[in-house]
Amino acid sequence: MIPSYYEFSNPVKIVSGQRALENIPSELKNFGVQRPLVITDQGVAGAGLVKKLIKAFYSSEVTIGAIYDTVPADSSSLVVNEIAVIFAENCCDSIIAIGGGSPIDTAKGVNILVSEGSDDLMKFMGVDILEKPMKPLLVIPTTSGTGSEVTQVAVISDPERNVKMAFASRRLLPNVAILDPRMTLTMPPKITAATGMDALAHAMEAYTGLQKNPLSDAYAVAAIKLVGEHLLSVVQDGTGRESRMAMANAATMAGISFSNSMVGVVHALGHAAGGVAHIPHGQAMSIFLPLGLEYNLSVNEDLIAELLLPLAGPELYAGTHSDERAFKTISVIRDLQRSLYKCCQLPMNLRDAGVAEHQLGEIARAAISDGSVTFNTRELEYEDALNILKKAY
């Protein structure tokens with residue numbers, strides 16, 4: 001059913017292909033810039049991915065102004081301030097982010113400071129605070145899950161105040177997302193699995209949430225189909241460029257989908273578990289996804305049933321009675337969990353992920369206060385959250 005009113009936006013240009021990287025100089029020239037600052041982390045640099053980027057500039061008039069390759073896993077305002085100074089000192093005019101969520105969020109934070117002409121990131125925390133046009137931002141994801149390359153959100157910690165700062169604005173959307181399978185080939189199996197389950201959770205919650213719409217549904221279904229067809233095979237053999245390309249596109253499409261329709265209980269629990277027990281986000285998504293769908297069965301069983309088709313294919317969908325399809329969707333996810341655990345020991349429960357049992361109450365309290373529950377189809381109370389967490393443990 002089409003909602004009586006909805007909004008959808010995706011202004012990010014997607015450049016996807018086996019040699020998409022080589023398009024970067026011409027993309028920068030389209031914006032009239034020629035001295036980008038490259039922001040990444042040591043893992044990406046150590047894997048030789050920055051060298052591949054530099055190579056793409058060999059026959060171009062565009063020059064890399066500076067490279068910052070020590071973004072930490074949990075980036076902070078101190079790092080953002082440091083990089084903003086480097087941007088100014090090297091007369092940079094644009095930004096290229098390479099990596100997963102942390103380098104991309106850091107790049108968005110740097111863009112806020114250099115575009116707004118400020119040294120205080122805290123001033124811009126919140127929703128739609130930004131007033132000035134941003135510098136051109138190109139993003140090259142090296143994982144296939146976060147969808148940060150097409151989202152308008154950044155989360156950056158402030159160590160002085162011991163808080164996580166959230167920024168949301170259309171101005172934070174990257175200008176171009178570069179999807180090149182060469183940039184994800186070095187991902188280890190466990191990270192490949194975790195980020196793939198993150199993409200699946202994005203798409204499934206987008207499709208079953210309160211703010212779903214026909215356009216976000218189209219992206220979500222396409223993403224789920226690609227994950228269902230390629231995630232296990234790419235974890236088993238990460239050298240396949242076709243599967244890497246499929247998962248990169250799945251993550252981007254899932255990101256576009258949830259950016260417009262939002263997420264729900266799975267992400268509320270995942271954010272809370274990450275904040276309290278520091279469980280990696282992708283692992284949390286894998287653990288909570290079937291449990292979150294189960295929790296919502298009483299209110300959107302029909303939507304969960306529809307997801308069996310893209311996830312498992314027409315044969316299984318047709319062979320499953322309509323009354324059983326929603327339960328089969330959840331069963332297929334649990335089968336995928338078991339297969340991923342067998343392949344790379346991706347945790348199937350909170351205990352194996354390093355969460356202590358005494359932390360469950362604190363996680364439940366944090367989950368019911370998370371903004372994601374606003375868009376869930378079923379209200380989440382403390383006891384509900386605690387019951388899900390006990391099942392996950």
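Predicted model: local features only at pLDDT ≥ 70, side-chain atom pairs only at ≥ 80, totals over all residues.
Two strands are taken to pair if DSSP finds at least two bridges between them. Strands of a sheet pair through backbone hydrogen bonds, in either a parallel or an antiparallel manner.

The parallel part of the sheet is the contact of E5 with strand E8 (residues 163-168), to which E5 is joined by 2 bridges. Within this pairing, Gly126 stands opposite Phe167 in E8, while Val127 stands opposite Ala168 in E8. The antiparallel part is the contact of E7 with E8, where 6 bridges join the two strands; Ile156 has Met165 in E8 as its bridge partner. The hairpin of E7 and E8 has 4 residues between the strands, and in this hairpin Asn162 takes a positive phi near 55°.

A patch of negative charge lies on the surface, where Glu301, Asp302, Glu306, Asp323 and Glu324 gather. Of these residues, Glu306 is placed in helix H11, which spans residues 297-306. Glu306 has a relative accessible area of 35% and is therefore classed as partly exposed, because this class covers values between the limit of under 20% for buried residues and that of over 50% for exposed ones.

Terms used
Residues numbered from 1 in each chain as written. Heavy atoms only, no water. Patch = residues over 30% accessible without salt bridge, like charges linked within 9 Å, V, L, I, M, F, W, Y side chains within 5 Å. Areas by Shrake-Rupley, 256 points an atom, 1.4 Å probe, with all protein chains shown as cover. Salt bridge = Lys/Arg side-chain N within 4 Å of Asp/Glu carboxyl O. Lys, Arg positive; Asp, Glu negative; His and termini not counted. Charge placed at Lys NZ, Arg CZ, Asp CG, Glu CD. Buried < 20%, exposed > 50% of the residue type's maximum accessible area, 1.4 Å probe, protein only.
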